[in-house]
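Subject: Structure for you to look at

Hi,

Here is the structure I promised to pass on. Please open it beside this email and follow along.

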Amino acid sequence: MKTKKRSIAPYLLVAPATIIIVCVVFIPVIQAILMSFQSYDLRRPNAIKFIGLGNYIEAFTDTQFLNAVLRTVIWVVLGVGFQFILGFVLALLLNRQFRGRGAIRAVSMIPWVTPGVLIGLMWRWIYDGNFGVLNDILLKLHIIDSAIPFLSQKSTAFPGVIVTIIWQGIPFFALMILAALQGVSRDLYEAAEIDGATKAQELFYITIPSIKNTIYVTGLLRIIWVANSVDVIFNMTEGGPAYSTQTLSVYIYNKANALNLGYASAMAICLALMLLVVVIPYLRMNFKEEKS
Amino acid sequence: MKKHPVTRKAASILAASTMAAGLLAGCGGAASGTTTAGGATTKGASTAAATTKAAAGAATTKAASGSAEPVTIKFQYWADNTDYSQLMQDIIKKFNETNGKNITVVGEEQPWDGGAYSENLFNAKMGGSDVDVSTWKLTSTPLYVNNDLLLDLTPYIDKWDKKGDIEDNIYNVMKQAGGDNSKIYVMPWNIQVLYVYYRPSIFEKAGIDHTPTTYQEFLDDIKKCTMDTDGDGKTDVYGFGMRGAKGGQEPWGSFIYGEGGSFDDLTSAGSVQGMQDFIDLYKNGYVPPTATSDGFNEIIANFKSGLTAMTIHHTGSSKDMEATFGDDVSAFAFPAGKGQWTSMGDTETVIFKSCKHPEAAFEWVSYLATGEGQKMWCEGTGNVPVSKTVSQGDFFQNNRFMKASLEGESYAGILPILDTTTEWISTTWPNTVAQALTGEISTEDCMKTLQEGLYGK
Amino acid sequence: MKYEKPGTKALRLILLIVMLVFILFPFYWTFLTSIKPENELYGDTVTYFTVHPTFEAYKNLFTTTVNFLSAMGNSLIVAVSTTLVTLCVSTMAAYAFSRYDFPGRKALMSIFLCNNMFPTVLLLIPLYTIMRKLHLLFTPGSLILAYTTFTIPFSVWLLLGFINDLPMSLEEAAQVDGCTRGKAFIKIILPLLNPSIVATGVYIFMQSWNEYTFAMMFTNTATRTIPVALKSLIGQLGVQWDLLTAGGILTIIPVCIMFFFAQKRLVEGLTAGAVKG
């Protein structure tokens, strides 16, 4: 069990991290929260005043906002879901002994190392409706018979950007799961094999339970991260065409860039509240488990 | 919840930030981040200092009189490519060596960032940045003027000996952007007039023997140039490269005016008809199907690869076009229909109110507007000069693209500069037009949304 | 060794190849773009390799105004410093959260998790003011402080997850053997955490190596980092594809090489004997 004794040690240990965070972001965040209750549009600084829940009410009558919320849910569920599945598979593959493993582990990290601006532009280039390599491959394989303008039509633009975020997020999961797998005891597998367990049983009864803390945490962090991510979509489509790739974070970014900070802050708080719906059950479970 | 009419001024940001800084000072020692920073800081700062010293040294040697106090002006700019970046650095160097007034301009480059340059700079200025002078786009003027960040240049221009070297109508455009039509906050630098690029060889193939003289003829030529050259039933050459992504409002405006519409009333019959023409081109396959997301890169790539026969841009891309096609590319000014309009792109400079040496800063911006800086920049980039003297030079008189630009200058205009314009350009226009192109909303609804986006409901 | 059906092995190989193709193709395409002559870029046909490779772009990165070498140096200073600082403070905090129960613990943990929920674009003006008042503006220090702030929360939670996966019994055994708590941490936990610390370190490094918004706001020509240098290659007159992709390759390669060495610490079985769950 955890040490219950009153001691100064834990406070000393958490102090540096806490101080840095509080000093740098505490006041800006409080300010942003206050802005969300004001008509804080810097294009009209003389008209800034307290408007209570005005921005929030506006958001819930704004179809762009509501669509963006829905899109964010799809974006997070599909994006993080596939990142996790593919990252997990990759981690399992890379956890085995084989020649050249180090090199393959290293190159698997490439999507993550690639600068955001380049990711957006390269994928845009790959998807291009006129010179894009994806169209060229599909045409050559006779899967399609005329080029698809992937990012120019509503039906394919959003799936297009989701594939890109999946691509970008695989290494993160792979790396974290790979690290966690190192802590799983060999003995457990040996015992299971003696009992005649199948590979699938081993996976679900040994591997996953042993690293579940890591899975929860990485999943949770990734959800927060992907929900807030802007640069992939922004560099690929800027939220278009016809708003079809405008997630909530992109909408917030657009409004913030237009200097309507009050409305942007209100939407950002809505996004944070949505994330809390995911975070709170996790924290509850986490704290409850500690007790038992 | 009850509404309280409590007024919170923008200044609250500053007050709270001061609190933040106070808080920080209290805990500075504990933040281990700061310790590491210390060592690195010195290096960065000393490099900067070295640069300044070298530049200042050069300035003092040349300035034989040496009577004036040394002054440093912090100048921020964006460069559209590495050549322009080099060119700007050369101009700065030349100014520092020759101004004779002990002024040293220190250039700081920032990314164009898809137009977010202005917002990034705004955030920095609101946070207390010490930039003195910056390159500029007219559309962001209201934002900065409303927040009281720009220096009123009117008194400086009035007593400036070269005031007459710039056309009055250019000053008028600058005044309009300032809001109350009396003050000039923005110093003219260079302009770009949009015209139509075309490929003579494709025109010939389509049986067109002269460039269009009317708007209707232009639309017909787009249709004629749309061809299936290899007989496989698919279009290989599109008549026109339409820009549907951000920035597309500029060429689009010419269609609106071609049918007699205008930016003043986007819901008028003429404006709606212009939009309809635009949609018809897309629906009937006279422009590439990617048009809804095509930005500058794409329209240029499509034109350069021969996929499109015509597209609209300005002299900024003419060098590149000539390098690709030699003689097989030319230009004409956007033809007249019921009305005639083409977009005037603009780049200016501003001086911020926070600048401690406005006289010296004005010396620098005027060097860019009419002096050697103007000549070097416009010759190097192919932009249209604002200085009458400079535009008389051979370079500008003997160029076919410059000719199309100067032809269009008489009816070239800019979007109404309102505080809504920037957002309208970056999100409202591209998304609403894409909705209309794909048939999601009607032409009338599209124009209504655009009207409201600009002027409010 | 255990017997394995040949089918399983083949399946695994195919799976690995498919994933690697998906992961690496865009990288290959970036590289190809960086060495293609421009007329092949927008040609009638898409080419999958080039017979006229040109490495001009790589040279231009260092000889023109891009000044990529200095950007790489700045990025390295910032990323390494951030990684060290964040790792130190986060490991301490994560250990405290995992092994101590103290008043305020849950609140602090929750605050840490929520810290990164707010989009940074809304915090730019006050952050700029803070950096200016601290006299950190235009120095690598500003970025180190900003990145540390935004990587600590995730790092603490990641490390917490890893530490929670390690059984408590290990340290208890050590303490029974007469080790102090601190000694038990250094001798027992830290070696076991090695793979996790490497993984978290990689996370922090990547975040600070690739961040754009803060880098653009808080640096100047002398201190600019890679993402800003790359972004400056996209102007109003289009993308300088050759330079941008060459710069991208040069951003990726050193990190991959570093990771190649770091991943040796992610060795399977290193800890297997020690952990008995």
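Is the crossing of α3(B) and α15(B) left-handed or right-handed? The crossing is right-handed. Keep in mind that this is a predicted model.

**The helix pair in chain B**

Start with the two helices themselves. Helix α3 of chain B covers residues 82-98, and helix α15 of chain B covers residues 372-381. Their axes come within 10 Å and cross at roughly 165°. Angles over 145 degrees count as roughly antiparallel, so α3(B) is roughly antiparallel to α15(B).

Now find the side chains. From α3(B), the contact uses Tyr84(B), Leu87(B), Ile91(B), Lys94(B) and Phe95(B). From α15(B) come Glu372(B), Gly373(B), Met376(B), Trp377(B), Gly380(B) and Thr381(B). By class, the residues of this contact are six nonpolar, three polar and two charged.

**The two domains of chain B**

Next, zoom out. Chain B is divided into domain 1 (67-192 + 345-404) and domain 2 (195-344 + 410-455). The C-alpha centres of these two domains of chain B lie 30 Å apart. Domain 1 of chain B gives 23 residues to the contact, and domain 2 of chain B gives 20 residues.

**Chain A**

Chain A has 14 helices and zero strands. Its C-alpha atoms fill a box of roughly 75 × 70 × 30 Å along the principal axes. Chain A has 292 residues, and 57% of them count as buried. Take the contacts in chain A with a separation of 6 or more: residues 24 or more positions apart account for 67% of them.

**Where chain C meets chain A**

How many residues of chain C are in contact with chain A? The number is 87, and they touch 85 residues of chain A. Several helices of chain C each supply at least two residues of this side, among them α1 (6-35), α4 (68-99) and α9 (181-210). The largest share comes from α7(C), with 14 residues. By class, the side of chain C that touches chain A has 60 nonpolar, 17 polar and ten charged residues.

Best wishes

How values were computed:
Residues numbered from 1 in each chain as written. Chains lettered and ligands numbered in written order. Predicted model: local features only at pLDDT ≥ 70, side-chain atom pairs only at ≥ 80, totals over all residues. Contact = placed C-beta atoms within 7 Å. Helix = DSSP H or I, 4+ residues; strand = E, 2+ residues; numbered from the N terminus. Nonpolar A, V, L, I, M, F, W, Y, C, P; charged D, E, K, R; others polar. Domains from an automatic or database assignment. Buried ≥ 20, exposed ≤ 12 C-beta atoms within 10 Å, placed from the backbone. Axes fitted to C-alpha atoms, helices over the stretch in contact; angles between N-to-C directions. Parallel < 35°, antiparallel > 145°, perpendicular 65-115°, else oblique. Left-handed = near helix turned anticlockwise from the far one by under 90°.
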